Amino acid sequence: MDDTAVHRAVPRVDTTLVHAHGIAALVTLLVSVTCGIIVAFQLLYPDLGAGAPWLSWGRLRYAHTQGIMLGWLGNAFFAFLYHAVPILSGRPVTSGRLGRWLFAVWNFAVMLPGWVLVLSGVSQPLEWAEFPLVVDAVVVVALAMAAVQFLPAFFARGLEYLYVSSWYIIGGLVFTLLAYPMGNLVPEYVAGASGAAFSGLWIHDAVGLFVTPLALAIIYFVIPAATRRPIYSHFLSMLGFWLLFFLYPLNGTHHYVYSVIPMSAQLAAITASALLGVDVIIVVANLLLSLRGAGFLPRDPGLRFVATGTYFYLVVSIQGSMQAQMAVNQAVHFTDWVVGHSHLAMLGFASFAAAGGLVHAWQRIPWARYNARAINHAYWLLVAGLLLMVVDLTIAGLVQGQLWADGAPWIESVRASRVYWVIRAHGASWLLAGGFISLLVGLTTGPRGGGWQAVEDRIGAAPIEQVAPKLVPVTGGAA
Amino acid sequence: MSAGRAVRKAYLVASVAGVLFFAMSVGLLGIWPRRVIEAQTAAMSPEHPLGLSDSALRGRAIYAREGCAYCHTQQIRYLHPDMARFGAPTLAWETRFDYPHLWGTRRIGPDLSRAAGTRSADWHYAHLFAPRSVVSLSVMPAYPALFDGAADRPRQEARDLLAYLESLGRARELAGPEGEAHAREACNCADDEMRQMAFAGPVNAHPAKARRRGGVPALAPSSDLARGQQLFGDHCASCHGATGAGDGPGASALRPRPANLIEHEYSNRRVAEALWHGVSGTAMPAWRDHPLNDVAALVAGVRALGAVRDEPALPAHLAELGARVYAANCAQCHGAEGDGRGSAADALPMAPTDFRAQRPTLNQSLQVLRNGVDGTPMAPWSGRLGADEMLAVAHYVRGFYDGGAR
């Protein structure tokens, strides 16, 4: 193993923080997934949990969604940022000490107390905002710390040198800082339908301004870095970026179609949802063209996760544009279709991208353990589990919607759901659990430095600046 | 201007525009709707809408804490299937005290916007304590921590939660026809189809809401006993017991106890009424959401449970006595003809038994006379009537039954 090659390839990366956030991501992932699996089984065995309040369905679901969004994706994004920001900007992140504080605050002042509080009954009943306000305050502080940690590096050389991933990172961190307080605070002080309008905005902003930009930053980074070819079109990448930030925030009200929120606001959101599909087609076309030559399922595991996340991104976005339309929405809203959709987004798109970014960064930590077989298993288990779950829940949603529209007794929709819930709990959740455990095994066992060895064996170890010149701006500038 | 500076300027403009777009989204989809909703609320709300009591507010916090909104929405959409099942679509003013809103985005259980007055209190307690004791197919979690060991021993938390459930939709119902008329006028919705829908049907259309009286759709007699028994097992056995003896898992928490279907003979009409309207004042809900042929099959299934026995004949010397005791003590409520329409009947919280449509066994009849029926106005008579008198009147009430002649 040639250490100099690694250090050339990964300039000034604080690998300790990449590793720490990566491990935290995997641990919080397993905790969150455990909560999800328990609630999936509780729909089959409702007395599982024996009436213990902290094991009841509602509280575990609070823990599940917040754990996935903040614990798993948050940590995985931070791990990726510690890897990518120095490469993208050519400068180190602001401070290693700040990094250790951020790590501690995120995991021990946000996740840990957040989970303990919602499980013990201190929470707020707002989707994607379930942690109580006291934890929200810490989240905002931590997001501000993250902005200080990661953003200054980008501005040293000016805007025209920013690669699209850098734009997404800046956009994601800045807009989340704006949207998070709105979504968590406003509905507490604005009543009923008006508060719901703000909640709708936040539900979509959480996905659109936090999760999507950072996931796309990973995808746009990993594809050229792993294929050693520049992306297909920088123009399309920037077009997609700006359209995303213009259109995503305008989607929120599509969660409340046919409600008392003014119809013109609903129609505006529905229109924006359709346009968003156009934007995603632009982004994904650019990504797929950038992948050309790497194969539909690239051999490099990080790249394969990222490519698969791209496919799911296209599917989930087209599905989202479609289900925002009134005719579809009235048939599937409130059903398991939507649960399938959200898992396609958070797991299929965002988690595959995050896992790809994590594996990619892990390969480039010289001392990190790396177990290629386990990672390969993780990939296939996750693909199988996700597809089974999404197809299953989509059909379940159609069945439920049909029974409701037919005026069947309510309980018949519960009875008809059971077979689909059995498939999800007994089929999909074990596959997914196996996949996530394999991912943990893949990144914590095996030989140290095995990741980089695998990259070298496959494609040689030329430093990233030489093989992907358009990923990193040319020093000196074009001006 | 060099290319680099042009790019830099373009990006700066776009960055500012991006932040402005975010601000626009908040303005367009948050602040502006809020103004419209608040104007609507001000115009359409009754002058003094019912707020939440302290108990209901504490209950709301429990509802929020337990994540009830993940499975129960509180938002009836402007869609006919929603309105037919739950009632009038949610108006803005109805949500004016919701900090924060609890609209929800998934319905595993039914919408609860109109929960007030839909179920009885003891049904709710039994359901919260052990959901499957009253709804055998339910997947709802149990909340025994809200109780002191049994469904009929609710702690303060369970009472608060019930107070909250009973507040859902109450403000609109209490506003009454005047409130609806005021809101309709203020909404100025002559041409707006969606707004018109807000006032199209009953405020609470829940198919399980019990009604004191009303017509029953004509049911074709069903010979599908197997279907009836299957439906009974799915929906009725949890309270009435697998054999119909009124001893299902949910029974012990309910006052009055579920009817003992073995110890009665029922006419078709009586069973059909109980299924279609529920039994107002008891935990027995209505089953109007079931297809008519299923209701007919269930009628047949319930009637088949009744044991028709040869009862001992009334001793001859007591024949006169029964009529006299009945006229003196029972007729005010149960009616001179035994049809449950005595002069006091309407003032009672639940309808007195109509003996023409249902005939208790002698044993059942005597037991009720001796012990009364807990949870109903039917008092125990053992202290007031002698053994002969009770035996006589127990026989007498059985004589009204006409087996569904009407």
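Begin with domain 2 and domain 4 of chain B: their centres, taken over C-alpha atoms, are 39 Å apart. The model is predicted. To see where these two domains sit in the chain, colour chain B by domain: domain 1 covers 1-44, domain 2 covers 54-197, domain 3 covers 225-305 and domain 4 covers 316-398.

Along the principal axes, the C-alpha atoms of chain B occupy a box of roughly 120 × 45 × 40 Å. The radius of gyration of chain B is 28 Å, whereas a compact globule of 406 residues would have one near 22 Å. Of the 406 residues in chain B, 49% are buried. If you draw the contacts in chain B between residues at least 6 apart in sequence, 72% of them join residues at least 24 apart.

Next, bring back chain A and select the contact between the chains. Chain B gives 67 residues to this contact and chain A gives 71. On the side of chain B that touches chain A, α1 (3-44), α2 (54-65) and α3 (80-86) of chain B each provide at least two residues. Coloured by residue class, the side of chain B that touches chain A shows 41 nonpolar, 13 polar and 13 charged residues.

Stay in chain B and select residues 268-277, helix α9. Is this helix enclosed or open? Eight of its 10 residues are buried, so α9(B) is largely enclosed by the rest of the structure. The buried ones are R270(B), V271(B), A272(B), E273(B), A274(B), L275(B), W276(B) and H277(B); charged side chains are thus among them, R270(B) and E273(B). Then step just past the helix to G278(B), where phi is positive, about 70°.

Last, go to chain A and select residues 164-189, helix α6. How far apart are its end C-alpha atoms? They are 37 Å apart, which agrees with the 38 Å that 26 residues should span at 1.5 Å a residue. Centre the view on T176(A), where α6(A) bends by about 30°. Colouring by burial shows α6(A) mostly covered, with 19 of its 26 residues buried.

Methods. Residues are numbered from 1 along each chain as its sequence is written. Chains are lettered from A and ligands numbered from 1 in the order in which they are written. This is a predicted model: local features need pLDDT of at least 70, side-chain atom pairs count only at pLDDT 80 or more; totals for chains, interfaces and linings use all residues. Two residues are in contact if their C-beta atoms, placed from the backbone, lie within 7 Å. Helices (H or I, at least four residues) and strands (E, at least two) are DSSP runs, numbered from the N terminus. Domain bounds come from an automatic or database domain assignment. The expected span of a helix is 1.5 Å times one less than its number of residues. The bend at a residue is the angle between axes fitted to the seven residues ending there and the seven starting there. A residue is buried if 20 or more other C-beta atoms lie within 10 Å of its own, exposed if 12 or fewer, and partly exposed in between; C-beta atoms are placed from the backbone. The radius of gyration is taken over C-alpha atoms; the globule rule is 2.2 Å times the number of residues to the power 0.38.
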